[in-house]
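Me: Hi! I'm new to this one and would like a friendly walk through it. Can we go step by step?

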Amino acid sequence: MSAVVESRESQFETFSYDDKLTKMFAIATMVWGVVALFLGVWVAFELATYKMNLDSPYFTFGRLRPLHTNAAIFAFVGNAIFAGIYYSTPRLLKTRMASDLMGRIHFWGWQLIIVAAAISLPLGYTTSKEYAELEWPIDIAVALVWVTFGVNFFLTLKQRRERHIYVAIWFYIATIITVAVLYVVNNLEVPVSWMKSYSLFAGVQDALVQWWYGHNAVAFFLTTPFLGLMYYFIQKAVNRPVYSYRLSIIHFWSLIFVYIWAGPHHLLYSALPEWVQTVGMAFSIALWAPSWGGMINGLLTLRGAWDRVRKEPILKFFATAVTFYGMATFEGPLLSIKSVNAIGHFTDWIVGHVHAGTIGWNYMMTAGVLYYMVPKLWKTELWSQRLANIQFWSATIGLLLYIMSMWTAGITKGLMWRAVDETGKLVYPDFVETVIKIIPMYWVRAFGGVLVLFGFILLIINLYKTIKLAPKEENQEEEKFKALPLSASPLDTHGGPHRKLEGLTLLFSVLSFVAIIIGSMIELLPALLSNNFIAKDARVKPYRPLEVAGRDIFVREGCYTCHSQLVRPMAAEKLRYGRVSTAAEYVYDRPFQWGSRRIGPDLMRVGGKYNHMWHYRHMLNPREVTPGSIMPNYPWLFKNKVKFEALTKKLNVLAALGAPYSKEEIDNAPMLAKEHAQKIMNELEAGGVKKKMIDKEIVALIAYLQRLGTDLGGDDEISSVE
Amino acid sequence: MNHQKTDADNIILNKTEEELLLDHNYDGIEEFDYPLPSWWSVTFIGGVVFAIFYIYFYNFAGAPSLKEEYIQEMSKVNAILEEQRKLTGNFDIEEYNAWAASTDADEMANTVFQDNCASCHLEGGTGDIGPNLTDSYWLNLKEVSHGTLYGFIRVGNEDNGMPAWQDLLTKEELFAAVTFLMKLKNTNQPGKEPQGEKVLK
């Protein structure tokens, strides 16, 4: 007997954890968290009062909103995920992460990417694809750093000392694989210059790929890694076993399989072929139960510990996070029901929904994880439970104000847009009426955001004090742990096929990949490979050179953050905007500009609706022609010159991607653009505009706006919709 | 199994839980194997069944597409608009005079102009984005009368940015706009340079 024990003793291997890396990511989470939340509060105030745009290109909503979303998702939540994964993975696998160096490359590479985003987005370098706005050199860096992370993770998996992998690890695997696939495919683009590219996909295809990505960025960046964190940190914090192992299995596989299909619910009533919309909607409903499987396993683990939830701030954060996760994943399927979507889409309701997820789930989970992890990492106690409690209430109240104001604003606006009286007239024909109505809600939301930010600042003070007061000497050396090698823990063959699979990590990873690739292929491939996916229309022509220049300005300024270019097939939209959009009209749009919100009106049919002078006045000061407008002023468009010479290169790239430009057009692009500008100037000069404005960006932008949606002509014969 | 029971100090509530506890232990985390809650299973199966039925119904069983629904909705609205256009289509000077004699006609004229026209023609109608309405030059009219103004405002001229107002304004509101314009014309206030032809009548 003692001999057996001794031989086992000698087999034990010693290892330690690279907690220094975890500490680095934890600190980065706090730093970028404040930045992301501050930017969110800033852009919230920009909608409440346009003056917050500061008349400066670098601070307009169109450029700061993408910075806020990217900072929140990739900088704040991203670093939190990495901190949590680097903390839990080695502990669950009984091994050190495979490479300290790869961990450092991951950390510093990621922080550099964030800095690059923070500089390039305000400067107007953007691809305009939501949550994927970064230009191509940064995209490549993201892909490389992510692969480094993935390689390090899978090597760690290989050298584990625990035969079977825990449910948290399943979710990490799905995250790493899927984000790589999503990010690479959605960012396929052809460079024009160092910081400008055109999407490989055009129009409807681009929209489909983007929202397959956009929706699954929510799924596989904001959800699956956090479910992994939930399965580790809640159980550790509450010391209770997971509620149901078989629920873990069924909700994991159904979640990752179903989630990937649901992207097209972002494109309901759009020009996307209807079968794709129908499939996206159906899978969104089917997604409800798999999502709630995670919620149940999280909440029911807390059974028998509810008295502690009342007292311990960490558990408060976790319980609230999981509850909001449940709420948001119920609201999501609800919003993808077509008749609900018809009202909610393009409104602030969607923004409220997103923040129920990002603040309610990601922020609350992150706070809980940090409060649990930081004292453990620095071998000390949390400095102040009271401060953590104040943060909890501040953030919760702020979030409730946020969600409720956005519900009110969104539903109000959605109903006002579609109100038609008995004489067939729009009840609110002036779009700006529907904006002015909800401005009080924008103030409430901004105030809610301030409370959320305030709470996070308390977290930083609390954790700073915690770290500062930690005993120095105990943090000198890494703690040593002992475990038997993998060979000592045989594959469990009695626990059923899934138990066996948990021991076969390569097969597990391959099956995860299969689960996410099936839906992707079925939804994307017909669009990308078939020539018949989009009906052609010979009347639709590529943009003329000056319009290309104008379109690039439209993209640069982030106009899509407030304006859609998509008239939905509804009577109220036809009355307000004109002819319903068709897929054929977008075939030269790289990238597509459908947008996801109508803070301002749709622009699909704005071409020819106003004269040049109207646009000139409007861009200089929107309130001069539309009293009550909340759009920023764009004075720099009246100073910056159009880069006419760059147009040859741009047309060349667009031609290579399939736009039928002739060689003459490409070679003479700068000259053609100047001639076009002269025509616009003829009218502007009659209105008193100085001759020297001819080479300014405003003229190119007017050229683009006047072209929008005009190719099919003005009349909307209903039959042409078919 | 190499289950190290010792390093898990999880709280186990009762006998049932003890029986449901699995032989899993990861960094001290254990797992129960509670059966799936029945309401959850029903939701799960219900969601899948719904999805299959929904896809079948809309893609194969001939349910109306969004476009068909739109065409139906739009043909109803178009019928109403046609009716309305018939009502506003004919300008009857006697009907106009009867309206103009009403007490709030002048006030309505001012309101309609400021709400709808002033953003392009300025408050006093002296022109900015749109032409000066106080001079004797007109871009779209050869004769300026109640009837011709009414007719033009109704349909507009898309080429130079004047919207068609027939589906946006009621007949009274169109009358109101005409009243305001008739008062402005030939008052020759300083403003935008004249555009179009001089109209004598």
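Me: What percentage of the 722 residues in chain A are buried?
Reply: Buried residues make up 56% of chain A. Keep in mind that this is a predicted model.

Me: Good to know. How many helices and strands are in chain A?
Reply: Chain A has 27 helices and four strands.

Me: What radius of gyration does chain A have, and what would a compact globule give?
Reply: Chain A has 27 Å, and a compact globule with 722 residues would come out near 27 Å, so the two agree. Along the principal axes, the C-alpha atoms of chain A fill a box of roughly 100 × 50 × 50 Å.

Me: And its contacts, what share join residues at least 24 apart?
Reply: That share is 83%, counted among contacts in chain A between residues at least 6 apart in sequence.

Me: Which domains is chain A divided into?
Reply: Domain 1 covers 11-519 and domain 2 covers 545-721. The centres of these two domains of chain A, taken over C-alpha atoms, are separated by 35 Å.

Me: How many residues are in contact between domain 1 and domain 2 of chain A?
Reply: In chain A, 40 residues of domain 1 are in contact with 48 residues of domain 2. On the domain 1 side, H3(A) gives the most, with five residues. By class, that side of domain 1 of chain A has 22 nonpolar, 11 polar and seven charged residues.

Me: Switching to chain B. How many helices and strands there?
Reply: Chain B has seven helices and two strands. Along the sequence they follow the pattern α-α-α-α-α-β-α-α-β.

Me: What is the radius of gyration of chain B, next to a compact globule of 201 residues?
Reply: Chain B has 36 Å, but a compact globule of 201 residues would have a value near 17 Å. The box filled by the C-alpha atoms of chain B is roughly 105 × 45 × 35 Å along the principal axes.

Me: How much of chain B counts as buried?
Reply: Of its 201 residues, 26% count as buried. As for contacts in chain B between residues at least 6 apart in sequence, 59% join residues at least 24 apart.

Me: What does the domain assignment of chain B give?
Reply: It gives domain 1 (5-59) and domain 2 (93-198). Taken over C-alpha atoms, the centres of domain 1 and domain 2 of chain B are 71 Å apart.

Me: Can you pick out a helix in chain B for me?
Reply: Let's take helix H7 of chain B, residues 171-184. H7(B) has 14 residues and reaches 20 Å from its first C-alpha to its last, close to the 20 Å expected at 1.5 Å a residue.

Me: Which residues are buried in H7(B)?
Reply: Among them are Leu174(B), Phe175(B), Val178(B) and Phe180(B). Lys171(B) is buried as well. The cover over the buried residues of H7(B) includes helix H3 (66-89), helix H4 (93-100), helix H5 (105-121) and helix H6 (146-155) of chain B.

Me: What follows H7(B)?
Reply: H7(B) is followed by Asn186(B), whose phi is positive, near 60°.

Me: Now the two chains together. How many residues are in contact between chain A and chain B?
Reply: 56 residues of chain A are in contact with 48 residues of chain B. The largest share of the chain A side, eight residues, comes from H9(A). The residues of that side of chain A divide into 33 nonpolar, 13 polar and 10 charged.

Me: How confident is the predictor in the complex, in ipTM and pTM?
Reply: The predictor gives an ipTM of 0.91 and a pTM of 0.94.

Me: Last one: is Thr710(A) buried, exposed or partly exposed?
Reply: Thr710(A) is partly exposed, because 15 other C-beta atoms lie within 10 Å. Thr710(A) sits in the segment after helix H27 (697-707) of chain A. Leaving out residues up to four places away in sequence, Thr710(A) touches Gly607(A) and Gly608(A).

Notes: Residues numbered from 1 in each chain as written. Chains lettered and ligands numbered in written order. Predicted model: local features only at pLDDT ≥ 70, side-chain atom pairs only at ≥ 80, totals over all residues. Contact = placed C-beta atoms within 7 Å. Nonpolar A, V, L, I, M, F, W, Y, C, P; charged D, E, K, R; others polar. Expected span 1.5 Å × (residues − 1). Buried ≥ 20, exposed ≤ 12 C-beta atoms within 10 Å, placed from the backbone. Domains from an automatic or database assignment. Rg over C-alpha atoms; globule rule 2.2 N^0.38 Å.
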